[in-house]
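Student: I am new to this structure and would like to understand the words used for it. Could you take me through them?

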Amino acid sequence: MAFSRKHMASAGSVLGISALLLAGCGAAPEENSSASGENSDYKGCMVSDFGGFDDKSFNQNTHDGLKAAEEELGMQVGEAESTSETDYGPNLNSMVQQGCNLTVTVGFGLADATKEAAAANPDSHFAIVDDNSIQADNVRPIVYDTAQAAFQAGYLAAAQTKTGKVATYGGQNFPTVTIFMDGFAQGVEYYNQQNNKDVKVLGWDTKSKSGTFTGDFEDQAKGKTNTQNFLSEGADIIMPVAGPVGGGTLEAVKEYNSSHSDKPASVVWVDSDGFETNPDYQDIILTSVQKLMKEAVLDTFKQDAAGNFTNEPYIGTLENGGVTLAPFHNFDDQVSEETKTALNDIKTKIISGEIKVETEGSPKA
């Protein structure tokens with residue numbers, strides 16, 4: 001949402017979130033045609049979750065994959081931006097009616113609608129990001145083991161903190177949210193073990209699987225309040241896993257630093273490279289736990305356009321480059337060579353299996 005806004009598979013869970021959302025109608029689906037290209041008869045489509053395509057995170061990164069496919073393949077494009085969960089079914093049906101060859105749905109919240117559309121239209125192809133619950137010949141799951149990169153981020157945060165306290169919080173308590181939080185906390189624990197330190201993690205307990213959540217992926221004021229609380233408790237590096245709610249964290253840290261220039265705080269972003277998607281906050285973004293959603297979506301469109309659709313899940317890992325720790329950008333000279341070496345070593349050991357990062361949200365093939 002992190003939106004990864006993260007995802008649920010059951011209808012009950014969907015209804016649970018619905019109570020938190022404002023009712024509304026989705027924007028009218030847009031239809032575009034490429035002027036030329038070898039796949040001008042092929043149509044690729046996408047339906048967002050309620051965060052919209054400009055959420056600076058999960059949806060935006062996935063939408064970039066659609067635009068890249070349009071440019072590279074010369075295909076026709078259809079897209080529908082949802083503003084509430086009640087838009088999911090109608091928006092998907094609209095894509096089918098437009099004759100989309102492959103429709104990508106963004107987020108676990110669309111699982112039920114995607115499953116229904118796929119069953120009703122067996123000759124159409126679908127892919128869904130951050131959900132692996134649908135077993136169908138015409139649906140490809142695109143999922144990510146973000147705990148691996150979050151583990152690196154936790155180690156980095158523990159190495160960089162000046163106060164000995166770091167923090168994380170989520171939008172809602174779903175596996176695709178807590179996978180980040182769990183990996184982050186495990187990385188801090190690993191740092192403590194390797195360096196005989198005692199850095200504390202606020203906002204998440206790996207043993208009890210409990211922590212701090214705002215209750216939604218929309219209210220930035222809640223993210224700001226959570227962050228202000230963490231800062232007052234002494235945390236100086238904070239990782240929000242709450243999609244647009246993370247904007248409240250950026251605002252809170254920016255304000256905090258304006259009066260604490262001697263001991264500034266920083267942020268670990270998620271899903272996209274926050275340095276690129278949040279240009280007004282580049283001076284406070286230490287790094288990001290990235291899902292390379294653009295690349296996976298582009299590749300899925302390429303395969304389908306070439307007649308090679310597969311329902312085999314794509315699982316992004318450190319090994320295949322599907323997840324990664326973003327560059328440190330403005331903080332690069334503040335991260336020691338020792339820490340950089342350790343992070344590379346951690347990556348190697350996670351890939352080899354020497355370090356096992358296991359969470360409830362870790363996807364299974």
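Tutor: Gladly, starting with angles: those under 35 degrees count as roughly parallel, over 145 as roughly antiparallel, 65 to 115 as roughly perpendicular and the rest as oblique. Axes are lines fitted to C-alpha atoms, for helices over the stretch in contact, and angles run from 0 to 180 degrees between N-to-C directions. The model is predicted, so local features need pLDDT of at least 70 and side-chain atom pairs count only at pLDDT 80 or more, while totals for chains, interfaces and linings use all residues. Residues are numbered from 1 along each chain as its sequence is written, and side-chain values use heavy atoms, leaving out hydrogens and water.

Student: Why are helix 5 and helix 6 called oblique to each other?

Tutor: The axes of helix 5 (residues 147-160) and helix 6 (residues 175-195) cross at roughly 45 degrees, coming within 6 Å. Helix 5 and helix 6 are therefore oblique to each other. Their crossing is right-handed, the term for a near helix turned clockwise from the far one by less than a right angle (anticlockwise is left-handed).

Student: Which residues make the contact of helix 5 with helix 6?

Tutor: Among them are Ala150, Phe151 and Gly154 of helix 5, and Phe180, Gly183 and Tyr191 of helix 6. Contact means heavy atoms within 4.5 Å. By class, the contact has 14 nonpolar, 5 polar and no charged residues. Here Ala, Val, Leu, Ile, Met, Phe, Trp, Tyr, Cys and Pro count as nonpolar, Asp, Glu, Lys and Arg as charged, and the others, Gly among them, as polar.

Student: What makes strand 8 and strand 15 the edge strands?

Tutor: Strand 8 (200-202) and strand 15 (323-325) each pair on one side only. Two strands pair if DSSP finds at least two bridges between them. The open sheet has 6 strands in the order 8-7-11-12-13-15, with mixed pairing. Direction ignored, neighbouring strands of this sheet are turned by 20 degrees against each other on average.

Student: How do you know that strand 13 pairs with strand 12 and with strand 15?

Tutor: Set the counts against the cut-off of at least two bridges. Strand 12 (residues 266-271) and strand 13 (residues 285-291) run parallel and are joined by 5 bridges. Val267 stands opposite Ile285, and the bridge partner of Trp269 is Ser288. Between strand 13 and strand 15, which run antiparallel, there are 3 bridges; Val289 has Leu325 as its bridge partner. Both pairings meet the cut-off.

Student: What makes Gln303 partly exposed?

Tutor: Its relative accessible area is 22%, so Gln303 is partly exposed. Gln303 is found in helix 10 (residues 293-305) and touches Arg140, Asn308, Phe309 and Thr310, not counting residues up to four places away in sequence.

Student: Which residues of helix 3 are buried, by that definition?

Tutor: In helix 3 (residues 88-97), they are Tyr88, Asn91, Leu92, Ser94, Met95 and Val96. Their cover includes strand 2 (43-47), strand 3 (76-80) and helix 4 (111-120). Helix 3 and helix 4 pack at an angle of about 35 degrees, their axes 9 Å apart.

Technical notes: Helix = DSSP H or I, 4+ residues; strand = E, 2+ residues; numbered from the N terminus. Buried < 20%, exposed > 50% of the residue type's maximum accessible area, 1.4 Å probe, protein only.
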